[in-house]
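Here's a quick briefing to read alongside the model. Have the viewer open and click along as you go.

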Amino acid sequence: MKIFVAGHRGMVGGAIVKALEARGTDELVTRTSAQLDLREQSAVREFFQQEKPDAVILAAAKVGGILANNIYPADFIYENLMIEANVIHQAYAAGVERLLQLGSSCIYPQRAEQPMREDALLTGTLEPTNEPYAIAKIAGIKLCESYNRQYGTDYRSVMPTNLYGPGDNFHPQNSHVLPALIRRLHEAKLEGRDEVMIWGTGTPRREFLHVDDMAAASLFVMDLEKATYERETAPMLSHINVGCGTDVTIRELAETVAAVVGFGGTLAFDPSKPDGTPRKLMDVSRLTRLGWQATIQLEDGIRQTYAWFLSQEKGSLRAK
Ligand SMILES: NC(=O)C1=CN([C@@H]2O[C@H](COP(=O)(O)OP(=O)(O)OC[C@H]3O[C@@H](n4cnc5c(N)ncnc54)[C@H](OP(=O)(O)O)[C@@H]3O)[C@@H](O)[C@H]2O)C=CC1
Ligand SMILES: C[C@H]1O[C@H](OP(=O)(O)OP(=O)(O)OC[C@H]2O[C@@H](n3cnc4c(=O)[nH]c(N)nc43)[C@H](O)[C@@H]2O)[C@@H](O)[C@@H](O)C1=O
């Protein structure tokens with residue numbers, strides 16, 4: 001198959017390309033955002049009409065942690081809506097048979113019953129710190145569902161929990177918690193500081209999945225027989241959660257990162273920073289029933305990610 005991987009330089013897109021290359025069965029098509037801005041409708045139309053891929057994996061998005069979502073809500077809703085609408089519609093217009101798009105666990109209500117099942121979607125109010133991003137991600141699911149229902153396409157959606165791994169964004173403010181803590185605790189160790197500040201109260205719970213597991217799950221869902229995907233996601237031909245099925249508090253995460261990095265000082269908490277959703281644990285029974293489960297334990301994944309972080313030249317680390 002000729003597969004367009006959108007967002008191949010990102011953490012997830014990069015891991016998906018690596019997994020596809022290891023398989024070695026497909027022709028891959030990639031473009032950087034500078035080569036093809038997926039917010040631009042006519043450019044996306046031209047690209048799809050020229051390339052005519054058989055399949056698309058949509059891992060391109062405007063992505064960031066709790067603070068970035070709060071500071072740049074317009075960018076998060078606008079860019080993600082445009083990318084999804086352009087890619088999904090132009091894929092359909094170019095006759096693309098199969099598409100997989102990545103959403104996020106933040107699509108579920110702020111107070112969703114835990115663990116969160118796929119049918120919790122649109123049953124309650126969203127978490128305010130990422131509502132614009134979540135609405136764009138929900139629109140992505142609804143685009144796929146609607147094209148499937150109206151045009152009989154085979155466009156699938158996976159909803160990952162919080163992800164981490166090599167290729168992550170280690171920006172001190174705009175990143176997600178896990179890479180932010182790796183960097184902050186590493187720098188504190190180097191500077192000999194005896195205290196590090198962690199945002200929020202430390203009590204929110206999060207589920208973390210290594211990006212290589214996410215890439216494997218994405219290909220697993222992409223490869224499912226159409227009838228199997230439709231049976232599992234009936235009646236709306238909606239989406240499948242991806243996670244590891246267990247979560248930790250932010251305090252526990254910080255303690256694990258501190259142990260891996262070798263920071264022996266005190267962890268202090270700054271409650272003036274937002275906690276966000278109190279808990280976001282995915283119900284992964286749909287994916288488990290289909291035969292997939294995560295393989296990388298959190299501490300092992302953090303060790304491997306820290307080794308990758310250390311292997312990067314400081315200047316080449318992404319800092320968006
Ligand atoms: N990271 C996480 O914890 C989670 C991520 N997800 C989802 O997984 C997907 C991938 O996320 P992740 O890999 O972490 O994100 P990254 O920020 O690492 O990568 C995103 C990629 O999207 C590309 N991109 C952004 N804007 C445009 C644009 N206008 N045109 C073309 N390409 C664009 C970028 O390309 P370039 O490098 O060429 O500029 C970039 O490589 C997203 O849909 C995200 O919502 C879901 C849950 C958790
Ligand atoms: C993937 C997911 O990511 C975002 O939602 P989030 O889960 O809240 O993600 P986060 O990783 O930024 O924070 C998790 C928790 O960790 C705490 N925390 C402590 N110290 C730091 C810290 O230094 N940085 C960050 N970012 N958080 C910190 C922080 O206060 C919060 O309680 C959205 O983009 C959302 O839309 C989305 O999809």
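Strand 5 (residues 154–160) runs parallel to strand 10, and the two pair over 4 bridges. If you want one spot to look at, Val158 has Ile240 in strand 10 as its bridge partner. Keep in mind that this is a predicted model.

**The nonpolar core**
- The largest nonpolar core takes in 86 residues.
- Which of its members touch the most others? They are Ala6, Val12, Ile57, Leu58 and Val257.
- Take Ile57: setting aside neighbours within four places in sequence, its contacts are Ile3, Val5, Ala6, Ile16, Leu100, Ser218 and Met222.

**Around ligand 1**
- Ligand 1 has 25 residues around it, and those that come nearest are Gly7, Gly10, Val12, Ser33 and Ala61.
- By type, the shell splits into 11 nonpolar, 9 polar and 5 charged residues.
- Helix 1 (11–23), helix 4 (73–93) and strand 6 (162–164) each put at least two residues into the shell.
- Helix 1 gives the largest share, with 3 residues.

Conventions: Residues are numbered from 1 along each chain as its sequence is written. Chains are lettered from A and ligands numbered from 1 in the order in which they are written. This is a predicted model: local features need pLDDT of at least 70, side-chain atom pairs count only at pLDDT 80 or more; totals for chains, interfaces and linings use all residues. A nonpolar core is a set of buried Ala, Val, Leu, Ile, Met, Phe, Trp, Tyr and Cys residues joined through C-beta atoms within 7 Å. A residue is buried if 20 or more other C-beta atoms lie within 10 Å of its own, exposed if 12 or fewer, and partly exposed in between; C-beta atoms are placed from the backbone. Two residues are in contact if their C-beta atoms, placed from the backbone, lie within 7 Å. A residue is near a molecule or strand if its C-beta atom, placed from the backbone, lies within 6 Å of it. Ala, Val, Leu, Ile, Met, Phe, Trp, Tyr, Cys and Pro count as nonpolar, Asp, Glu, Lys and Arg as charged, and the others, Gly among them, as polar. Two strands pair if DSSP finds at least two bridges between them.
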